[in-house]
Amino acid sequence: MGRANDLDMSLRRDLLLSRAPALAFASMGVLWGSFAAFVPDLKAGIGASDALFGIILSVSAIGLMSAMLVAPALDRRFTDRAMPVCAIFLAVGYLFPGLAAVPLTFAMAMFWVAFASGLMDIVMNARVSELEATERRSLMNLNHAMFSFSYAAAAFATGLVRDAELPPIVMFASLAVLIAVATPFMRMPVAQADADNPKGTGYPVGAVVLGGIVVMIAFMSEAASESWSALHVERSLGGSAMQGALGPTMLGLTMGFGRLAGQVISERVDNALLIGVAAIVSSCGAFLAAAAETPVQAYLGFGILGLGVSVIAPTALAMVGQSVGPGPRTHAISRTAVIGFSGFFIGPPMMGLLSEFAGLPVAFMVVGVLLIIALIPTALLRNRRRVAQG
């Protein structure tokens with residue numbers, strides 16, 4: 001009982017320390033969770049095939065990668081207001097995918113969403129990394145857990161909205177209002193060190209590249225499950241709209257619990273080992289989802305996938321942060337994210353094309369293989385971190 005109380009107090013303290021970025025993570029989570037559950041409706045609404053829908057998401061991800069390059073400048077310009085500004089920009093952007101009626105307007109809307117998501121992601125991850133350095137505590141997994149739990153709650157709520165046959169814009173507008181109310185609580189001071197080193201020089205390029213590859217594979221896996229799990233349940237397995245929404249709901253829930261566990265475990269276990277075990281577990285989940293014959297079996301697969309993949313990206317980002325001095329931290333995180341978020345550029349067309357020509361089960365099998373491949377750059381990143389730390 002005493003150990004459980006200590007754990008509860010530790011999580012509460014960590015959440016209080018990082019309450020501003022945690023709220024930003026939660027805001028992004030509700031938007032992406034709702035989007036994931038609405039994918040079947042959004043896809044049908046613009047009349048896109050699997051391949052075309054995947055290409056649209058891929059092209060829109062150019063906005064995500066572009067944001068990675070300008071995020072440090074925006075961070076310096078708005079300082080403590082950077083997270084609230086990015087949250088409003090993202091919430092407004094999400095109004096437009098729900099209004100799009102043809103592939104072109106949907107692609108334009110998703111470009112805005114992707115660009116805003118990129119800005120938000122870099123700024124809030126940089127704030128968490130700064131807190132980790134200041135407080136000498138691991139906080140990355142906890143904050144990413146806030147994204148996952150919010151994602152799961154929004155996906156479930158969206159399933160109810162879809163069952164009521166309400167249009168996507170109703171849900172997206174409601175979430176935009178909720179986020180607008182929350183933005184004043186996202187203000188957070190910026191570490192002076194970043195302002196003193198505006199060019200972000202001095203970070204280890206090798207660690208950034210290797211960390212970026214690990215994050216890329218994790219985000220490819222997450223994006224594959226987030227964007228295509230509802231379609232897999234509804235189309236491959238004959239599920240209803242509510243059953244389809246439970247796919248991303250299960251993914252988000254288990255990712256949230258996985259990241260809470262990762263928050264505790266990362267204090268006691270080497271980060272590279274944590275990523276390695278997580279990659280193996282998540283690959284098993286992807287294979288199970290691919291082999292599912294009923295929605296319940298698919299939920300179990302998505303749950304295991306979410307549990308494992310949940311800790312890979314935040315732990316890899318933390319490893320990069322441990323290899324970087326305080327001055328260029330925002331730049332190093334942003335460069336890692338440029339590589340990592342290319343997973344959102346590569347993943348959608350890969351899933352779309354595989355689904356079009358081989359079926360979604362085969363697409364999820366490929367995801368499982370990619371997660372095993374992530375073990376290689378993780379091992380190399382561990383060696384570089386050891387060298388950096390002496």
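User: Buried means under 20% relative accessible area, exposed over 50%, and partly exposed in between (1.4 Å probe, protein chains only). At what relative accessibility does glutamate 222 count as buried?

Analyst: This is a predicted model, in which local features need pLDDT of at least 70, side-chain atom pairs count only at pLDDT 80 or more, and totals for chains, interfaces and linings use all residues. Residues are numbered from 1 along each chain as its sequence is written, and side-chain values use heavy atoms, with hydrogens and water left out. Glutamate 222 counts as buried because its relative accessibility is 4%.

User: With which residue does glutamate 222 form a salt bridge?

Analyst: A salt bridge is a side-chain nitrogen of Lys or Arg within 4 Å of a carboxyl oxygen of Asp or Glu. In the salt bridge of glutamate 222, the closest N and O atoms are 3.2 Å apart, and the partner is arginine 259.

User: How many residues apart in sequence are the parts tied together by glutamate 222 and arginine 259?

Analyst: The two residues form a salt bridge. Helices are DSSP runs of H or I with at least four residues and strands are runs of E with at least two, numbered from the N terminus. Glutamate 222 is in helix α9 and arginine 259 in helix α10 (residues 241-265), so the parts that the pair ties together lie apart in sequence by 37 residues.

User: Is arginine 259 buried or exposed?

Analyst: The relative accessibility of arginine 259 is 1%. The limit for this class is under 20%, so arginine 259 counts as buried.

User: How many salt bridges does the count come to?

Analyst: The pair of glutamate 222 and arginine 259 forms a salt bridge, and so does the pair of aspartate 41 and arginine 162. By the rule given above, the count of salt bridges comes to 8.

User: How far apart are the closest N and O atoms of aspartate 41 and arginine 162?

Analyst: Aspartate 41 and arginine 162 form a salt bridge. The closest N and O atoms of the pair are apart by 3.0 Å.

User: What is the relative accessible area of arginine 162?

Analyst: Arginine 162 and glutamate 234 are both buried. For arginine 162 this is because its relative accessible area is 8%.

User: Which residues are linked in a network of salt bridges?

Analyst: Arginine 162 forms a salt bridge with glutamate 234, with the closest N and O atoms 3.0 Å apart. Glutamate 234 lies in helix α9 (residues 205-236) and arginine 162 in helix α6, so this pair ties together parts 72 residues apart in sequence. Arginine 162 also forms a salt bridge with aspartate 41. The linked residues are Asp41, Arg162 and Glu234.

User: Which residues does histidine 144 touch, not counting residues up to four places away in sequence?

Analyst: Histidine 144 lies in helix α6, and it is buried because its relative accessible area is 5%. Contact means heavy atoms within 4.5 Å. Beyond those sequence neighbours, histidine 144 touches Phe25, Asn125, Arg259, Pro314 and Leu317.

User: How far apart in space are histidine 144 and valine 311, C-alpha to C-alpha?

Analyst: In sequence, histidine 144 and valine 311 are 167 residues apart. In space, their C-alpha to C-alpha distance is 8.4 Å.

User: How many residues of α13 are buried?

Analyst: Helix α13 is mostly covered. Its buried residues include Ile312, Pro314 and Leu317. Of the 11 residues of α13, the number buried is 10.

User: Which residues is serine 282 in contact with, leaving aside its neighbours within four places in sequence?

Analyst: Serine 282 lies in helix α11 (residues 271-291). Serine 282 is buried because its relative accessible area is 0%. With those neighbours left aside, the contacts of serine 282 are Ile304, Leu305, Gly308, Val309, Ile312 and Leu371.

User: What positive phi does threonine 79 have?

Analyst: Threonine 79 sits in the loop between α3 (50-78) and α4 (82-93). Threonine 79 is partly exposed because its relative accessible area is 33%. Although threonine 79 is not a glycine, its phi is positive, at about 45°.

User: What positive phi does glutamate 165 have?

Analyst: The loop between α6 and α7 (168-182) holds glutamate 165. Glutamate 165 counts as exposed because its relative accessibility is 72%. Glutamate 165 is not a glycine, yet its phi is positive, at about 60°.
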